[in-house]
Amino acid sequence: MLHPRSLLSAALGLGVAAALSAVPATADTAAANSPAAAAPSSFAAYEGSTEDAKATKAFFDAVVRSVAEQRAANPGARVVTVVYNASRAPSFRSQIAQSTQIWNSSVSNVKLREGSAANFTYREGNDPRGSYASTDGHGRGYIFLDYRQNQIYNSTRVTAHETGHVLGLPDHYSGPCSELMSGGGPGTSCQNAVPDARERARVNSLWANGLAAAVAKVS
């Protein structure tokens, strides 16, 4: 999916067929995230594409390059840290914090931290595409969290799924609920927000090998 200015978009796939009114998602929307909540017909099912896969890789490559530049300036750093800014997604601070905790406890070769000089940002609002991860390929990436979609699906799962794109994971819509990157494929009853063993191993491998190559290029 392309942004009007050719931003590469790794669509989450919980797309909305038509724009919906602004309804901020908060921690108080648990009822909307319950297994009994059914997605309205305006919400499309996940559908991947070659373009989405390329966009996901572009986002990951941009973040790795950004982190590599920072690491080259501080080669003694022991932990690879990806920094994010959540100031433009205030309604989702709880979900973002939970997503960060989930990923930081799931993988060892990269950690997420909120702070300045961010490698990517979170944003919120309404978008007919639903939630997605996007980058211009130059380290200015962001995760967009759609209000309505986050009321229909488990909001922490949506946020952790999109953050998975930042860490290099592609969508796998046909996967079971136990796979975080299956996203909305298993339906609205899926409440799992934790990556499975294969997803964790993939992220660790990507950051161990990809970052080393990136640092060598910018050093």
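**Ground rules**

I am working with a predicted model, where local features need pLDDT of at least 70, side-chain atom pairs count only at pLDDT 80 or more, and totals for chains, interfaces and linings use all residues. Residues are numbered from 1 along each chain as its sequence is written, and side-chain values use heavy atoms, with hydrogens and water left out.

**Entry: the whole chain**

I began with the fold and found five helices and six strands. Read from the N terminus, the order is β-α-β-α-β-β-β-β-α-α-α. Here helices (H or I, at least four residues) and strands (E, at least two) are DSSP runs, numbered from the N terminus.

I then noted that 50% of the 219 residues count as buried. The accessible surface comes to about 9,600 Å², and carbon and sulfur atoms hold 53% of that. These areas come from the Shrake-Rupley method with a 1.4 Å probe, and for residues only the protein chains shown count as cover.

For contacts (heavy atoms within 4.5 Å), I took those between residues at least 6 apart in sequence, and 71% of them join residues at least 24 apart.

**Entry: back to Pro195**

I placed Pro195 in the loop between helix 4 and helix 5. Leaving out residues up to four places away in sequence, Pro195 touches Ile102, Trp103, Ser106, Leu180 and Arg200. I also checked Ser178, which is 17 residues from Pro195 along the chain, with 7.4 Å between the C-alpha atoms.

**Entry: the disulfide**

How many disulfides does the model have? I counted one, taking a disulfide as a pair of cysteine sulfur atoms within 2.5 Å. The partners are Cys177 and Cys190, with their sulfur atoms 2.0 Å apart. Both cysteines sit in the loop between helix 4 (155-166) and helix 5 (197-218), 13 residues apart. The link of Cys177 and Cys190 is right-handed, with 85° about the S-S bond. Cys177 is partly exposed at 27% relative accessible area, whereas Cys190 is buried at 5%.

I looked at Gln191 too, in the loop between helix 4 and helix 5. Gln191 is partly exposed, at 31% relative accessible area. Gln191 and Tyr153 are 38 residues apart in sequence, and their C-alpha atoms are 8.2 Å apart in space.

Most residues other than glycine have a negative phi. I found a positive value, near 50°, at Ala117. Ala117 lies in the loop between strand 3 (111-114) and strand 4 (120-125) and counts as exposed at 57% relative accessibility.

**Entry: the second largest pocket**

Which residues line the second largest pocket? I listed Leu169, Pro170, His172, Glu179, Met181, Asp196, Arg198, Glu199 and Arg202. They divide into three nonpolar, one polar and five charged. Ala, Val, Leu, Ile, Met, Phe, Trp, Tyr, Cys and Pro count as nonpolar, Asp, Glu, Lys and Arg as charged, and the others, Gly among them, as polar.

The space in this pocket is about 150 Å³. A pocket is an open set of points on a 1 Å grid over the protein atoms alone, where a 1.4 Å probe fits, with protein on both sides within 12 Å along at least five of seven lines; lining residues have an atom within 4 Å of a point. Grid points are joined across faces, edges and corners, and the volume is the space filled by probe spheres set on the points.

Technical notes. Buried means under 20% relative accessible area, exposed over 50%, partly exposed in between (1.4 Å probe, protein chains only).
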